Amino acid sequence: MKFLILALCVAAVAADPHWLMLPANEVAAVKDTWNHIKHDEVAILEAVFKAYPDIQARFPKFAGKSLDSIKGTSAFAIHASRIVSFFSEYISFLGVENTQPAIKTILNELGQSHRNRGVTKAQFEEFHQALMSYLKSHNMWNNDVNHAWDDAFDKMYFVVFSALEGHPVS
């Protein structure tokens, strides 16, 4: 009977793979590659807006303006810093068992706040693609690093997308 209970517990955890801890090698790969770019706030946001102008249009301060005219402004730098700081916080929590509730909290908040602004899953995916392109062009990259980032984004977007749909993850 104890074996059956243990098997059910393992199956329950396996059914929600997004909340399994990322393996240590993946956490290390994500943290290492992030550390190479985390001070490129303005360049990262510029790359996102350049790749996906529809994302820029979601920001009232930046909508309808040329990227060249806004990328040197304090408003642009401040918002870029907020985005990168969010990722830095999320990445700092990866691989630490007792921070998993904090991950859910910050990701639920991100999803809910962006839901209120009408941001779509497709725009989150565009952001993902742009950030991955930036990461790849500024780091040593291989299949293992790519897989680690895919897992980190899967974990993130599981919660964010649930919150976007009005069903925050508890």
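Which helices are included in what covers the buried residues of helix 7? Keep that in mind during this tour of a predicted model.

**Before you start**

Residues are numbered from 1 along each chain as its sequence is written. In this predicted model, local features need pLDDT of at least 70, side-chain atom pairs count only at pLDDT 80 or more, and totals for chains, interfaces and linings use all residues, while side-chain values use heavy atoms, leaving out hydrogens and water.

**Stop 1: the whole chain**

Show the protein chain as a cartoon. It has 9 helices and 0 strands. Helices (H or I, at least four residues) and strands (E, at least two) are DSSP runs, numbered from the N terminus. Of the 170 residues, 39% are buried. Buried means under 20% relative accessible area, exposed over 50%, and partly exposed in between, with a 1.4 Å probe and protein chains only.

**Stop 2: helix 7**

Select residues 100-116. Helix 7 has 17 residues and reaches 24 Å from its first C-alpha to its last. That is close to the 24 Å expected at 1.5 Å a residue, where the expected span is 1.5 Å times one less than the number of residues. Colour its buried residues: Gln 100, Ile 103, Ile 106, Leu 107, Asn 108, Leu 110, Gly 111 and His 114. An α-helix has 3.6 residues a turn, so residues three or four places apart point the same way. Now the opening question: the cover over the buried residues of helix 7 includes helix 6, helix 8 and helix 9. Step just past the helix to Gly 118, which takes a positive phi of about 80 degrees.

**Stop 3: the largest pocket**

Select Phe 59, His 79, Ile 83, His 114 and Arg 117. Of the 24 lining residues, these lie nearest the centre of the largest pocket. About 700 Å³ of space lies there. A pocket is an open set of points on a 1 Å grid over the protein atoms alone, where a 1.4 Å probe fits, with protein on both sides within 12 Å along at least five of seven lines; lining residues have an atom within 4 Å of a point. Which helix gives the most to the lining? Helix 6 does, with 7 residues. By class, the lining has 16 nonpolar, 4 polar and 4 charged residues.

Stay on His 79, in helix 6. Its C-alpha is 9.8 Å from that of Phe 59, 20 residues apart in sequence. Leaving aside neighbours within four places in sequence, His 79 contacts Leu 45, Phe 59 and Phe 62.

**Stop 4: helix 3**

Select residues 41-51. Ile 44, Leu 45, Glu 46, Val 48 and Phe 49 are buried here. They pack against helix 2, helix 4, helix 5, helix 6 and helix 8.

**Stop 5**

Pick Gln 56, in helix 4. Is Gln 56 buried or exposed? At 7% relative accessibility, Gln 56 counts as buried. Beyond its neighbours within four places in sequence, its contacts include Phe 49, Phe 62 and Leu 67.

Finish at Glu 126, in helix 8. Glu 126 is buried because its relative accessible area is 18%. Leaving aside neighbours within four places in sequence, Glu 126 contacts Tyr 52, Asp 54 and Ile 55. Its C-alpha lies 8.1 Å from that of Val 48, 78 residues apart along the chain.

Methods:
Grid points are joined across faces, edges and corners, and a volume is the space filled by probe spheres set on the points. Ala, Val, Leu, Ile, Met, Phe, Trp, Tyr, Cys and Pro count as nonpolar, Asp, Glu, Lys and Arg as charged, and the others, Gly among them, as polar. Contact means heavy atoms within 4.5 Å.
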